[in-house]
Amino acid sequence: MKVLLLAGGLGTRLRPLTENLPKPMAPIANRPWLEHLITHLREQGVDHFVMAARHCSDVIRRHFGDGRRWGVKIEYAVEPFPMGTAGAIKNAERFFDDCFLVFNADIVHLPELIPLLEFHRQHGGVATIALTEVDDPTSYGVVEQDDTGRILRFVEKPRPEEAPSNRINAGLYILEPDVFRYIPAQREVSIERETFPRLIQDSAGVYGMVSRGYWRDMGTPSRYRQVHWDVLDRRFPLPMQGRQVQPGVWAGEDVEFGKGVLFVPPVLIGNKVKIGDQAVIGPYAVIGDNCRIGARVHCSNSILWDRSVVRDGSRLSNSIFGYRTVAPAGEVFKNSIINDPGEVMQA
């Protein structure tokens with residue numbers, strides 16, 4: 001079975017980190033999220049992927065190529081203009097002549113596919129939507145279903161007393177090729193607001209099933225950070241690279257620690273990292289590969305992408321540093337997102 005990965009969005013809520021990076025390529029625990037997702041799906045037997053890409057699509061293509069390095073085949077359907085979720089699916093129509101899966105690739109979720117596929121085959125409809133249950137559905141489109149799992153309607157951002165359930169779209173679909181007939185070509189189309197309601201209206205058979213396990217939209221800085229804290233706390237059991245050098249502190253290969261370095265768990269450190277004397281790292285710190293941390297640096301509740309540099313005496317709290325960011329000596333960074341040495345914005 002083929003999988004279509006929707007990876008063409010602009011990631012505006014994560015700017016400036018996504019100015020030159022597709023949001024699904026943002027690292028989670030020091031690896032691009034898209035890499036985690038592909039690896040997880042490969043382990044469940046998926047070996048053929050199509051990337052629906054647009055924004056900085058060359059970044060994805062350079063990283064994954066034809067997929068051979070990951071033991072899969074990857075092809076690309078590059079959008080000529082922003083086409084929306086359903087428009088991107090229509091743009092990739094030439095790759096699919098049988099039942100296929102679609103993932104919103106910027107949703108952090110590692111689903112088990114077999115129960116969803118079995119449910120899809122049993123109900124015989126044209127579409128299955130994986131659902132997740134949330135505590136507060138008032139910020140989402142909530143589904144109403146019958147006893148068979150058929151979706152009757154979507155209720156957008158209902159008041160608590162009007163919500164028909166606490167189930168929302170998890171961003172994973174199983175679709176039959178007949179769906180393509182319902183999507184107009186060469187324009188922006190939303191699968192949530194246009195395609196699914198039309199399929200429901202035409203009684204084509206749209207069903208929903210809860211997909212268990214961790215789920216989070218990583219599309220804002222606070223949610224992106226929370227994914228990392230959940231990884232460090234093992235609430236989201238994403239595979240961790242490296243080994244535990246002390247309880248709750250994971251470190252990769254060729255890491256150099258200066259004298260008097262203090263780690264306050266939980267902490268994740270990548271490969272080939274250098275940390276200066278008397279630095280305090282943690283709690284809740286993620287440091288990418290090839291980073292350089294100066295002496296007496298304090299870094300807590302912060303994420304540093306690969307090759308970032310923090311000069312002596314600087315303090316980081318509740319901040320995110322993009323690739324190759326350099327922080328001057330003796331500076332204080334609090335609630336900041338920095339994607340280059342000259343750009344700082346409040347988180």
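Modeller: Two strands are said to pair if DSSP finds at least two bridges between them. The structure discussed here is a predicted model.

Biologist: What makes strand β4 (residues 48–53) and strand β5 (residues 73–78) a pair, and in which sense do they run?

Modeller: The requirement is at least two bridges. β4 and β5 share six bridges and run in the parallel sense, so by that definition they pair. Within this pairing, Ala52 stands opposite Ala77 of β5. From β4 the chain passes through helix α2 (residues 57–64) to β5, a right-handed β-α-β crossover.

Biologist: How do you know that strand β1 (residues 2–6) pairs with β4?

Modeller: The threshold is again at least two bridges, and β1 and β4 have five, in the parallel sense. The two strands therefore qualify as paired. Leu5, for instance, has Met51 of β4 as its bridge partner.

Biologist: What makes β4 a mostly covered strand?

Modeller: A residue is called buried under 20% relative accessible area, and six of the six residues of β4 are buried. In a regular strand the side chains alternate between the two faces of the sheet. On one side of β4 lie His48, Val50 and Ala52, on the other Phe49, Met51 and Ala53, and these are all buried. Both faces of β4 are therefore covered, given the cut-off of under 20% for each buried residue.

Biologist: Why is Asn91 called buried?

Modeller: Its relative accessible area is 17%. The limit is under 20%, so Asn91 is classed as buried. The residue is found in helix α3 (residues 84–91).

Biologist: Which residues is Asn91 in contact with, leaving aside its neighbours within four places in sequence?

Modeller: They are Ala77, Val78, Glu79, Pro80 and Met83. Ala77 is 14 residues from Asn91 in sequence, yet the C-alpha to C-alpha separation is 6.8 Å. A polar atom of the Asn91 side chain also lies 3.4 Å from the backbone oxygen of Val78.

Biologist: Why is Ser190 called buried?

Modeller: The relative accessible area of Ser190 is 7%. The definition asks for under 20%, so Ser190 is buried. Its place is in the loop between β11 (167–175) and α5 (191–201).

Biologist: What makes the approach of Ser190 to Glu192 a polar contact?

Modeller: The limit is 3.5 Å, and the polar contact that joins the two side chains is 3.1 Å. The Ser190 side chain also reaches the backbone nitrogen of Arg193 at 3.0 Å. Beyond four places in sequence, Ser190 is in contact with Thr85, Ala86 and Thr195.

Biologist: Why is helix α1 (residues 33–43) described as largely enclosed?

Modeller: Nine of its eleven residues are buried, so the rest of the structure largely encloses the helix. Trp33, Glu35, His36 and Thr39 are among them. After α1 comes Gly45, with a positive phi near 100°.

Biologist: What makes β17 (262–263) and β29 (332–334) edge strands?

Modeller: They belong to an open sheet of five strands, ordered β17-β20-β23-β26-β29 with parallel pairing. Each of β17 and β29 pairs on one side only. Phe263 has Ile281 of β20 as its bridge partner.

Technical notes
Residues numbered from 1 in each chain as written. Predicted model: local features only at pLDDT ≥ 70, side-chain atom pairs only at ≥ 80, totals over all residues. Heavy atoms only, no water. Buried < 20%, exposed > 50% of the residue type's maximum accessible area, 1.4 Å probe, protein only. Helix = DSSP H or I, 4+ residues; strand = E, 2+ residues; numbered from the N terminus. Right-handed = clockwise from strand over helix to strand, strands pointing away. Contact = heavy atoms within 4.5 Å. Polar contact = N/O pair within 3.5 Å; in protein donor to acceptor, adjacent residues only side chain to side chain.
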